[in-house]
Amino acid sequence: MNVMTRPAGTLASAMRRHVVRHVDKSFDWDAFPSNRGYPELARAQMRYVGAGGSPKVGEPGTLPPEHFTLSLIHKPVGNYAACHAHEIEESFLVIAGVLVVGWERDGEVCEVKLGPKDMILNARDIGHGFRNDGIEPVLMSISVDVGKPLPPRYLYHPKTGTDPVLARSFGAAPGKTIPFDAAGEHPLQVAMARNVIRHAEQAPIREAAGFQRRVYVGAGGIESETCRKEMYAVPAGVGVQPYARDVEDALMVLEGSLIVGWEENGEMVEMELGPRDLVFNPAGRPHWFRNAGVGPCTAWVVVGDAGAERVRFVGR
């Protein structure tokens with residue numbers, strides 16, 4: 001995609017530095033050194049904002065984080081991620097494929113299957129892992145809700161001597177795996193049900209500006225004290241006038257294309273984003289979006305606080 005308006009200038013240069021193109025990035029198969037030597041744990045990471053749990057911080061082409069990180073993960077068929085925990089919340093948004101996520105407590109594990117556009121917010125300090133039992137690779141977006149997370153604490157990892165079969169089941173011995181049930185009464189089912197969002201079941205908010213928002217995390221979605229996460233559905237021909245937030249936000253296009261813009265002292269610049277391109281809008285920066293394409297656009301939005309949306313979107 002190309003810059004849409006204005007010759008190169010200070011504002012245009014600043015905006016370009018805050019846009020990450022999918023085609024300019026590469027998947028890193030050595031993002032998590034603890035998995036070296038264990039091919040069944042292999043996964044590839046593409047970092048957009050921050051390192052997201054990888055020790056590879058500050059690399060060129062990756063935007064510095066503030067309140068959250070954002071990366072893509074490619075998980076091959078049959079592979080898994082060992083059960084671990086974080087000091088902060090971490091979300092998994094499935095983009096393609098089917099992902100199995102397990103939560104562990106006291107040797108019992110509750111497993112849920114997530115499809116495209118489904119999401120789980122992994123609670124802080126709870127053991128969790130994920131696995132691809134499907135027939136196609138999984139592509140997912142992971143956000144850790146702090147700029148510089150501590151390294152993950154592994155609970156069941158083969159490098160610590162855990163039996164590989166037990167590690168693959170996230171620490172559950174035979175007979176100790178519980179299927180996810182949103183109406184179930186087991187404590188793990190109850191806890192997980194509060195933190196799973198099914199895209200098809202999450203009612204959209206219809207904005208007067210002509211697009212829809214589905215709240216995944218924040219007021220109207222999963223309760224959180226850190227960041228808000230939403231999915232936008234923007235029909236062709238719909239756009240909004242400039243708005244600004246008190247905190248940063250990031251927008252990643254999942255499907256279609258979207259023109260995004262910045263404004264400063266009457267100057268306006270725009271760039272077009274395609275699938276898996278991202279723009280990071282700093283706090284206080286007036287910005288907007290519009291769909292000039294012939295089809296709808298789906299975008300994933302992460303905001304640096306979990307409060308209810310205060311922006312009143314006005315159509316253009």
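The questions and answers below go through a predicted model of one chain.

Student: How many helices and strands does the chain have?
Tutor: Both kinds of secondary structure are present. The chain has three helices, and its strands come to 22.

Student: What is the radius of gyration of the chain, and why does it agree with a compact globule?
Tutor: The chain has 316 residues. A compact globule of that length would have a radius of gyration near 20 Å. The value for the chain agrees, because it is 20 Å.

Student: What share of the residues is buried?
Tutor: Buried means under 20% relative accessible area. Of the 316 residues, the share that counts as buried is 56%.

Student: Among contacts between residues at least 6 apart in sequence, what share joins residues at least 24 apart?
Tutor: A contact here means heavy atoms within 4.5 Å. Of the contacts between residues at least 6 apart, the share joining residues at least 24 apart is 74%.

Student: How far apart are the centres of the positive and negative side chains?
Tutor: There are 34 positive side chains and 38 negative ones. The centres of these two sets lie apart by 3 Å.

Student: How many disulfides does the structure hold?
Tutor: A disulfide needs two cysteine sulfur atoms within 2.5 Å. The structure's count is zero.

Student: Is cysteine 83 buried or exposed?
Tutor: The cut-off for buried is under 20% relative accessible area. Cysteine 83 has 0% relative accessibility, so it counts as buried.

Student: Where is leucine 70, and is its side buried or exposed?
Tutor: Leucine 70 is found in strand 3, residues 70–75. Its contacts beyond four places in sequence include Tyr48, Ile142, Met252 and Trp300. With a relative accessible area of 1%, leucine 70 is buried.

Student: What is the C-alpha distance between leucine 70 and valine 144?
Tutor: In sequence, leucine 70 and valine 144 are 74 residues apart. In space, C-alpha to C-alpha, the distance is 7.0 Å.

Methods. Residues are numbered from 1 along each chain as its sequence is written. This is a predicted model: local features need pLDDT of at least 70, side-chain atom pairs count only at pLDDT 80 or more; totals for chains, interfaces and linings use all residues. Side-chain values use heavy atoms; hydrogens and water are left out. Helices (H or I, at least four residues) and strands (E, at least two) are DSSP runs, numbered from the N terminus. The radius of gyration is taken over C-alpha atoms; the globule rule is 2.2 Å times the number of residues to the power 0.38. Buried means under 20% relative accessible area, exposed over 50%, partly exposed in between (1.4 Å probe, protein chains only). Lys and Arg count as positive and Asp and Glu as negative; His and the chain ends are not counted. The place of a charge is taken as NZ of Lys, CZ of Arg, CG of Asp or CD of Glu.
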